[in-house]
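Dear colleague,

I am handing over the structure below, and after it I set out what was found in it. Please read the notes with the model open beside them.

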Amino acid sequence: MPICTTCTSFTPHLYTVYQSAYNLRLEQCSKCQSFADPYVEHDSLTLLLDLILLKRGVYRHLLYNRGTEPRRAGEAKEDPSPTSTSGAPHASLRHRNRERERWLLVLRLGSALVALDAFIRWSHLNPDLPSTTPPSPWTKETMSSVVRVLLGCCAETLAFHTGVILACSIVLSLVSRVQSLRYQGPPPSSDIRREFRFSLIPLTLFYSSLTKLFLLFLLTIWRPTPTSPSSPSAEWWPAAFPLSSSSDNHKTSVPLALIAALKKVLDEDRIDREREWVIRNVLGGMSAGFGLRVVLDIHPLFTSLIILAGWRLKTGVAHCVSAWVAGGGDGDGDGGRVFREAWRAYSIP
């Protein structure tokens, strides 16, 4: 049954259709008196932008209300109570169909986002092609590298989602037991908790990754120009402040050390690497935790623990597959070691 995107209460219908599909009227929530789901009238671009901006309403619309049948003009309103037995066989059939469609959506959306993540990682880990590259860059070695990165991303994504689902089941079971002891019986649960299905977890994680992947894809398209010792960007530091001095004066050695440290912090390549790390690590984890908070309806501390559990399992899988993704004999040299370290650094939610 659909829910109100504002107060998460059950609502029998989201909108009423009159003579045509474009002639409709949004229904009001009987509890908070606001429109049950304003996103019914929004296009896909608006939904995508609100997903990137991490708005709760669009999560509730996509996870619970997308594909809900409208009420036709002249039909009687149904009982919004979840304990209502009217139309129970049809409701059970609708639940099974929606669950099957949800898992199919997880496969389609997951395949597209994992492929995008693999392209982003491959672009960052292989920024330059050899100078002897033929006119077509899609050589056998390049395709082999792309396939290894794609399979590595698939393994890590599967591990992360598996860890999160297992952690969710454990946390929800513990929370339910604690609440049962507190209330001396079945604990009261919200409408959104009663509509919880495990298929919502991977779908929520994929929706939450859109923010991270969008920003990383922009960094992939507009990559900064690598600096070299002779480039102007490397010579931005004034010559009046040399980074080394033959003087033994202690008073001048301290400012020189501070200047050297400041230049290291403000190095353009370092800032670019840290920007990518923050987007993938911090923003990716926060987005995943926010999405789970919407679905599970529990304290943010529990969602943080769930994300950390999935993160830990994913890191372990990344450590196992990093040598294989680095590829053959290259995985044993210095270049392979750097590649493995960079791969593990990118292996974040």
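Helix 2 (56–65) and helix 6 (residues 200–221) cross in a right-handed sense, where right-handed means that the near helix is turned clockwise from the far one by less than a right angle, and left-handed that it is turned anticlockwise. Two packed helices are described by the angle between their axes and the distance between the axes. For helix 2 and helix 6 the angle is about 145 degrees and the axes lie 11 Å apart, the axes being lines fitted to C-alpha atoms, for helices over the stretch in contact, with angles that run from 0 to 180 degrees between N-to-C directions. Helix 2 brings Y59, L62, L63 and Y64 to this contact, and helix 6 brings L200, L203, T204, Y207 and S208, contact meaning heavy atoms within 4.5 Å. By class, the contact has seven nonpolar residues, two polar ones and no charged ones; Ala, Val, Leu, Ile, Met, Phe, Trp, Tyr, Cys and Pro count as nonpolar, Asp, Glu, Lys and Arg as charged, and the others, Gly among them, as polar.

Please keep in mind that this is a predicted model, in which local features need pLDDT of at least 70 and side-chain atom pairs count only at pLDDT 80 or more, while totals for chains, interfaces and linings use all residues. Residues are numbered from 1 along each chain as its sequence is written, and side-chain values use heavy atoms, with hydrogens and water left out.

Helix 2 is largely enclosed by the rest of the structure, because nine of its ten residues are buried, that is, under 20% relative accessible area, with exposed meaning over 50% and partly exposed in between (1.4 Å probe, protein chains only). The buried residues of helix 2 are G57, V58, Y59, R60, H61, L62, L63, Y64 and N65. After helix 2 comes G67, with a positive phi near 85 degrees. In the loop between helix 1 and helix 2, L54 has a phi near 60 degrees, a positive value in a residue other than glycine, and L54 counts as partly exposed because its relative accessibility is 22%. Q33, in the loop between strand 2 (24–26) and helix 1 (44–52), likewise has a positive phi, near 65 degrees, and is not a glycine.

Y64 also belongs to the lining of the second largest cavity, together with M1, H95, R98, E99, R102, E195 and R197. A cavity is a set of points, on a 1 Å grid over the protein atoms alone, where a 1.4 Å probe fits but cannot get out, and lining residues have an atom within 4 Å of a point.

As for the chain, it has ten helices and three strands, which are DSSP runs numbered from the N terminus (helices H or I, at least four residues; strands E, at least two). Of its 349 residues, 38% count as buried.

With best wishes

Notes
1 Å grid on protein atoms, 1.4 Å probe; cavity = no way out; pocket = protein on both sides within 12 Å on 5 of 7 lines; lining within 4 Å.
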